[in-house]
Amino acid sequence: TVEMTFGVNTSPFAGREGHFCTTRQLRARLYRELETNLSLRVQDTDSRDTFLVKGRGELHLAILIETMRREGYEFEVSKPEAITKIVDGNLVEPVEVLTIDTKEEYLGVLTEMLSKRQAQLTDMRNDGHDDVRLVFHVPTKGLIGFRTVFSTATRGASIMNTIFLGYEPYHGDIISTRNGVLVASEQGIAVIYGLSNAQGRGFTFIEPGTLVYEGMIIGLNSRPKDIAINVCKEKKKTNMRASTSDIAIKLAPPMQLSLEQAMDFINDDELVEVTPGNIRLRKRLLTQAQRAKDRASSRRSVK
């Protein structure tokens with residue numbers, strides 16, 4: 001029901017942390033997984049360095065990614081997408097039955113979250129002791145990234161299960177409300193002064209001393225558009241001293257994204273770089289000039 005691409009790591013840090021980094025090694029590992037993972041499908045694509053992997057759901061693919069990461073593989077993956085198909089000339093998409101056992105106090109927030117994901121409530125039962133069972137029919141695309149926000153919204157006090165129901169006519173696109181991102185404009189080591197400037201624009205994902213490269217996503221912007229920012233920029237040195245001496249800059253703790261959160265966070269023009277040591281977010285096109293040229297060409301094609 002869900003597909004995503006696995007590709008060879010193409011970032012400037014490729015080959016530094018992983019033991020298996022080549023196309024041949026990645027392809028052999030994915031096809032070897034088919035021998036024991038019966039719900040998985042792997043296909044070659046037009047690009048020899050990229051493979052299309054189809055699985056039962058987001059969690060199914062996340063487990064495969066984490067397993068390969070721990071084995072020493074280094075690669076990059078795209079955003080998970082629900083698999084649609086044409087039946088009798090009509091576009092259809094997979095739909096699942098979502099069952100949630102929760103408390104009454106979380107009914108409002110869960111109903112609001114799921115309504116934005118095109119879910120329909122089909123059954124609700126209360127046992128009379130503040131416990132409620134909710135049953136929804138929800139498109140698979142609406143469940144991508146839901147498990148993480150579900151645990152946060154219910155404070156870990158609820159349980160969810162999904163069962164594949166079948167294919168239904170396409171329900172339409174789900175509008176993303178994510179803001180833009182903060183993108184590193186230079187390669188180097190992130191410093192406190194540069195990160196303090198970045199935190200003035202939004203939330204950061206990295207801490208001082210982190211190696212960054214141009215095109216790497218280092219934070220979430222507070223506005224809709226992406227911003228390129230230099231987090232390696234140090235404070236200019238002068239021969240003047242304040243009477244109170246320099247005051248240490250205090251940074252807010254960075255947001256630490258798990259693998260599933262990173263997979264849900266990225267947009268279509270972004271990738272998750274997975275290595276044994278780190279999980280990084282990056283733009284598909286690393287340089288600002290490449291991204292500007294791509295936006296210009298997309299605007300011309302729309303016209």
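Predicted model: local features only at pLDDT ≥ 70, side-chain atom pairs only at ≥ 80, totals over all residues.
**View 1. The protein as a whole.** Of the 303 residues, 40% count as buried. The C-alpha atoms fill a box of roughly 70 × 50 × 45 Å along the principal axes.

**View 2. The buried face of helix 1.** Helix 1 spans residues 23–33, and its buried residues are Gln 25, Leu 26, Arg 29, Leu 30 and Glu 33. Seen down the helix axis, these residues fall within an arc of 125°, so they line one face of the helix. Their cover includes strands 1, 2, 3 and 4 as well as helix 2.

View 3. Arg 27 pairs with Asp 44, their closest N and O atoms being 3.1 Å apart. Because Arg 27 lies in helix 1 and Asp 44 in strand 2, the pair ties together parts that are 17 residues apart in sequence. Arg 27 is partly exposed, at 36% relative accessible area, and Asp 44 is partly exposed too, at 44%.

**View 4. Arg 56 meets Glu 96.** Here the N to O distance of the salt bridge is 3.5 Å. Arg 56 sits in the loop between strand 3 and helix 2 and Glu 96 in strand 7, so the bridge ties together parts 40 residues apart in sequence. Arg 56 is partly exposed, whereas Glu 96 is buried, with a relative accessible area of 3%.

View 5. Lys 283 in strand 18 and Glu 270 in strand 17 form a salt bridge with closest N and O atoms 2.9 Å apart. Both residues are buried.

Note on methods. Residues numbered from 1 in each chain as written. Heavy atoms only, no water. Buried < 20%, exposed > 50% of the residue type's maximum accessible area, 1.4 Å probe, protein only. Helix = DSSP H or I, 4+ residues; strand = E, 2+ residues; numbered from the N terminus. Arc of directions from axis to C-beta. Contact = heavy atoms within 4.5 Å. Salt bridge = Lys/Arg side-chain N within 4 Å of Asp/Glu carboxyl O.
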